[in-house]
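Open the model in your viewer and keep the selection tool at hand. The tour goes stop by stop.

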Amino acid sequence: MKAKSKTLKKILSATLALCTLFGATGLAGCGSSSSNIQFWVYGDESELKLFSELTDTFNNTYGKEHDISVEVSSKPVGTYTTLIQQTGSSRSGADVFFVAEADFKRYVEMGFMTPIEEYMSKVDDIDVSDIPDSMLLKYRYDEVAETKSKSTDPLYGLPMEVRPTALYYNESMFESAGIVVISVDEENMDKWNNNEIPDNRGKYKRDFAKLKDVTVPKKGFYRSDDPCVNYGSWSPIGNGEIAVFNNRIAMNWDEVEDLARNFATETNPQASVKYGSDYGYYTEWWFNYGWSVGGDCLADLNNNGYWNYSLLDPEPNYKVNADTYVGEYTGKTYTKGETLDLIDKYDVPKGEILTANNDGTYSYNGKVVTIRESVKNNTGAEQDNLTFVELPSTRDAFERYLRLGVGRSTDIDGIKGLSVSPKPSYFTSRSSVNYFCGGKIAMLVEQSSYVKTISDTAKFKWDVAPIAVYKEYVDESDPQCDAVKAQGIIAGHSNSRGLMTRTKSLEEKGDQIVRFIMWMSSRNGGQKVLAKQGFFPNQESLINEVKFGDYVPTNIRHFAEAMKYQKAGDWWYLKNFTWIDVWAVPLNSNVRNDLMGYKEWILSTVSDSNEDLYDNYIKAENKKK
């Protein structure tokens, strides 16, 4: 017994020593006080180290000044969400925890979370007003209405980290193809062409011998001899041809495909020999294609949450070109640059409900509906100053995206695939980022979180640029023409994780918890620490403080610009994913891998998706009662 007693004393002494060594934040469970804020985290070794540093910084600064102490505790990645849910309504458990935006609404529906704006309004010494509204929207939700979130909905948390997307490109590969790379903002192109100013890298036009006698148009990608337009004839970039890539202007669909073909072996058999590449372009997401023309995968058919699967809507979309416009169905006031909701563009009386057909069209009173006459009769080019500019249909945008990766023998609504992108199955044993770092693909759409990995791994010159946007020029046959006839909205998606709390925790220590969450999300608090560790902050003003690896892309500020308009993906829209799984799983597993025909996919998924969405609507209506 005495021996055991001595052993026990040694264990207790060692434990106490460890607690002293690591401090309150370094080791969970070391004499923690119930009054301390319990912060549960998960991640790899570098992330856990970061969270510990963040918490220590808070405790030693703002926390010390306001008598707030936070303990950080790491949990296994695989069981993190289960542990949060299991302790959601208990008196013990996490006071502050991470929620991925995809899981947010589901968590709210479980009933153990409370909005925090009431507490935030009482804090006057932490400023979070510089967090973009587009990021805050991801953590707003009206659990009674159960619709896609609005800016007026209750706020349940704040973004901790955001991961905007951009186009990563292999600049060394571009240069080996004879492409001149410049970095000039669109509004500065005239002065740059006149040699009045340098570009963002300090290069004047006169520094590029190839461009001596060329006026470079305001395009993301320009080639002088044979640009490809709307799936027309194509040839590789010639030896005497002038080709210019501008990493400050978004390419349109034609330009990104034209450039991608030059580095894809299916379209340019010499690509693997000349450049070492297999493919020209890869993006996992359809979002910026559909969103750019004003479409989406969900449309509200009654302006009250009756959602319908609308990714196959075949009629054009319309961008408001007047200062304001009031929708005839919704009564919504649109401002210049916004696109009409589906029920405001279609000829359906206010209060009536369209019938969604299984081919993607819509009917009213037994007839397929068309565009309102008041919309069609007031539509023109950007320069015409009419009320609307016509954009492609959501279906056209979606199909354009699909044709990037399917084989050249595959038919997508009558047009063959391009095969400039690898199929999703190509990345079952490797990641697209590794593939890009290996020099096998020229352009990759990915999140900002990979900047450091690429910086440390890639053995070539690279940078980032805006992702593609819909844009149609007045004279498509003239490579020099950059006058825009119709342009879609700038669009893209970003992923994020937010910090949230439980109702039980708020009841006991709400002010302290909300102060910690606000500090972690603020420019002068946690976000500054994040930036110094190479993570992208919530605020554009901190972009110059982000620390990367040995190689820093010169156009890195584009990520900060993208945060202003990039939004959550379809997994965030509603509280469950079943309506997505119905169409997305066979799409990504079969259609994009050339294992299922496009028409077969439509017939087998659209009706089921709409049925699932209708069931959600009925449940939500019953809940309101």
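Between which two helices does the loop that holds Glu545 lie? Select Glu545: its loop lies between α19 (526-532) and α20 (557-562). Keep in mind that this is a predicted model.

**Stop 1: Glu545**

Show the surface around Glu545. Is this residue buried, exposed or partly exposed? Its relative accessibility is 21%, so Glu545 counts as partly exposed; the cut-off for buried is under 20%. Now display its contacts, leaving out residues up to four places away in sequence. Glu545 touches Arg523, Lys528, Ala531 and Lys532. Pro349 and Glu545 are 196 residues apart along the chain. Draw the line between their C-alpha atoms: it spans 53 Å.

**Stop 2: α2 against α18**

Select residues 45-60 for helix α2 and residues 503-521 for helix α18. At what angle do α2 and α18 pack? The angle is about 115 degrees, and the axes are 11 Å apart. The crossing of α2 past α18 is right-handed. Show side chains at the contact. From α2, pick Leu54, Thr57 and Phe58. They meet Arg515, Phe516, Trp519 and Met520 of α18. Colour the contact by class: 5 residues are nonpolar, 1 is polar and 1 is charged.

**Stop 3: a sheet of 3 strands**

Move to the strands β14, β15 and β16. They form an open sheet in the order β14-β15-β16, and the pairing is antiparallel. Which strands stand at the edges? They are β14 (355-356) and β16 (367-368). Each has a single partner strand, so one side of each is left without a neighbour in the sheet. Strands of a sheet pair through backbone hydrogen bonds, so switch to a backbone view here. Zoom in on β15, residues 362-364. How many bridges join β15 to β16? There are 2, and the two strands run antiparallel.

**Stop 4: the cysteines**

Finish with the cysteine sulfurs. How many disulfides does a search of the whole structure find? The search finds 0. Select Cys228, which is in no disulfide. The nearest cysteine sulfur belongs to Cys481, 17 Å away. A disulfide would need the two sulfur atoms within 2.5 Å. Cys228 has a relative accessibility of 7%, so it counts as buried. Last, select Cys297. Cys297 is buried too, with a relative accessible area of 0%.

Key:
Residues are numbered from 1 along each chain as its sequence is written. This is a predicted model: local features need pLDDT of at least 70, side-chain atom pairs count only at pLDDT 80 or more; totals for chains, interfaces and linings use all residues. Side-chain values use heavy atoms; hydrogens and water are left out. Two strands pair if DSSP finds at least two bridges between them. Helices (H or I, at least four residues) and strands (E, at least two) are DSSP runs, numbered from the N terminus. Axes are lines fitted to C-alpha atoms, for helices over the stretch in contact, and angles run from 0 to 180 degrees between N-to-C directions. A crossing is left-handed if the near helix is turned anticlockwise from the far one by less than a right angle, and right-handed if clockwise. Contact means heavy atoms within 4.5 Å. Ala, Val, Leu, Ile, Met, Phe, Trp, Tyr, Cys and Pro count as nonpolar, Asp, Glu, Lys and Arg as charged, and the others, Gly among them, as polar. Buried means under 20% relative accessible area, exposed over 50%, partly exposed in between (1.4 Å probe, protein chains only).
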